[in-house]
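Open the structure in your viewer and keep the selection tool at hand.

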Amino acid sequence: MNAKNGNVLDTPEKTFALDFIERNRQALWTLSDSIFYFAELGMQEHRTAGLMTGLLEEHGFRLERGISGFPTGFLATYGSGSPVIALHTEYDSNPSNSQKSGATEREEIVPGAPGHCEGHNVNGAVLVSSAIALRYAMEKYKLRGTLKVFGAPAEEQVLCRPYYVRDGYFDDVDIAFHDHIYDEFKSDYGLMQAALISANFNFKGESAHAAMAPWKARDALDAVVLMDVGMAQYREHFERGMTAHRVITHGGEQPNVIPAKASVWWMMRHPGAEGARKLFEQAKKIAQGACLMSNCEVEIDVRAAVWPVRGNQTMAEVIQKNIDAIGMPVWTPEEQAFAKALQKNAKVREDGLRAAPTPIEGPAVQIAASNDCGDISWKVPMARVWFPANVPNVTYHHWSAGAALATTIAHKGGLAGAKAMAVSVIDFLKNPDRVAEAKDTFRREIGDTEYKPLLPSGQQPQKDLNYEMMEKFRPLMEPHYVREKPVFAV
Ligand SMILES: [Zn+2]
């Protein structure tokens, strides 16, 4: 680590936390690699959540498992009183991107299996490692306050945290931190990511023999196709920043049976919550139009609905000061060579790993992707620790973004991320004025925007999501699991 501007880290509490995380680096790495090889899809992160909650419980956190109807979600609490500081992150994988870590070419661990191809495995390890370090720092230095550590399942389906907010888990939270993998080491503020509504449109008609009596049928697949045409036409009238993408999840069984049921799953986004809502309302009209034309009916099931992610400036600036002081990991020539070889094979710019943290230069540029922590960021001041544990320029959800995730690049970047999050939390635990300041800037930032969840009030999470795919692949993936257990030594 570079020691430049080290003075911001020079307090007994921060020195203790940094030393704790450094001493326990092997535990962070084993946890991160364990989650990588579990490679559990959203809502099926049973082994991942089990390992994370076991460690938190062992180190004195009070555990609530299965919160808001998410079997693999959790809340781990330590301490009491104010400030109440939340840490939260995700730990799910993606389908079909099983990739050998350390290989610079496409090489599957288990053919066709799910795999981490973004780095949520490191996210989970950073969360646990910084939380445990903080808990011992709080005890040793009698820091008052409450740590609330949230595990958020199924981020890849943008699913979970709006439910936590809706169910009141953030009502008493003062400020919240999110850690996420990237190739840069930075924090940022302002609008960062888009709002999203994700919904199934399930059409119902009536089947018949497709050759003998097609006039008797009402073809549900026709309705899916007609909705597709309607959405394609509507695309011309999208507001700037609106995007919509879909997969047909059910289109019938065989051509000589006219499908009585057909479904399409749409994700609809906009830079603002109202825009996403408007796009969804139009999609519902288009679905109704498709029903008129095909004599079918439609049931619409919202899978997820999130606000855009925003970052609080006060918090981001505190995090950034610590990041600048911690400095970028020092990469070895071998790590640089690996990164460049991977970039070459992924056909992206071959400029290796970054040498320095990225400075904050004004508000963030809002990207088109979403994250389900958006709702939290409109409920309380929130900021993100982006930590440098992946290779620049690779495309997330592509095999190349999975190739570094259990290498020393992920390990060193994760270690830096855990340190940055822990010492930034200490800044707020030690200075109630800073918490008040973050709340002040937050009020100014959101202005008169009224936070109303996009999530329908009675909506329940889909517990069986990804169940079959995970059950199919888990036995084939088990032989690759990490055998050691992560051990944090006090
Ligand atoms: Zn992510």
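Start by selecting Phe203: Ala262 in strand 9 stands opposite this residue. Strands here are DSSP runs (E, at least two residues), and helices are DSSP runs too (H or I, at least four residues), numbered from the N terminus. A word on what you are viewing: this is a predicted model, in which local features need pLDDT of at least 70 and side-chain atom pairs count only at pLDDT 80 or more, while totals for chains, interfaces and linings use all residues. Residues are numbered from 1 along each chain as its sequence is written.

Next, select residues 195-204 and 261-270. These are strand 7 and strand 9, which pair in the antiparallel sense over ten bridges; two strands count as paired if DSSP finds at least two bridges between them.

Now widen the view to the open sheet, whose four strands follow the order 8-9-7-10 with antiparallel pairing. At its edges, strand 8 (243-250) and strand 10 (297-306) each pair on one side only.

Which helix lies across strand 7, strand 8, strand 9 and strand 10? Select residues 220-234 to find helix 6, running at about 20° to strand 9. (Axes are lines fitted to C-alpha atoms, for helices over the stretch in contact, with angles from 0 to 180 degrees between N-to-C directions.) Helix 7 (residues 273-294) packs on the sheet as well, and its direction makes about 155° with that of strand 9.

Finally, colour domain 1 (6-193 + 308-480) and domain 2 (196-306), bounds that come from an automatic or database domain assignment. Their C-alpha centres lie 34 Å apart. In contact (C-beta atoms, placed from the backbone, within 7 Å) are 17 residues of domain 1 and 15 residues of domain 2.

Methods. Two residues are in contact if their C-beta atoms, placed from the backbone, lie within 7 Å.
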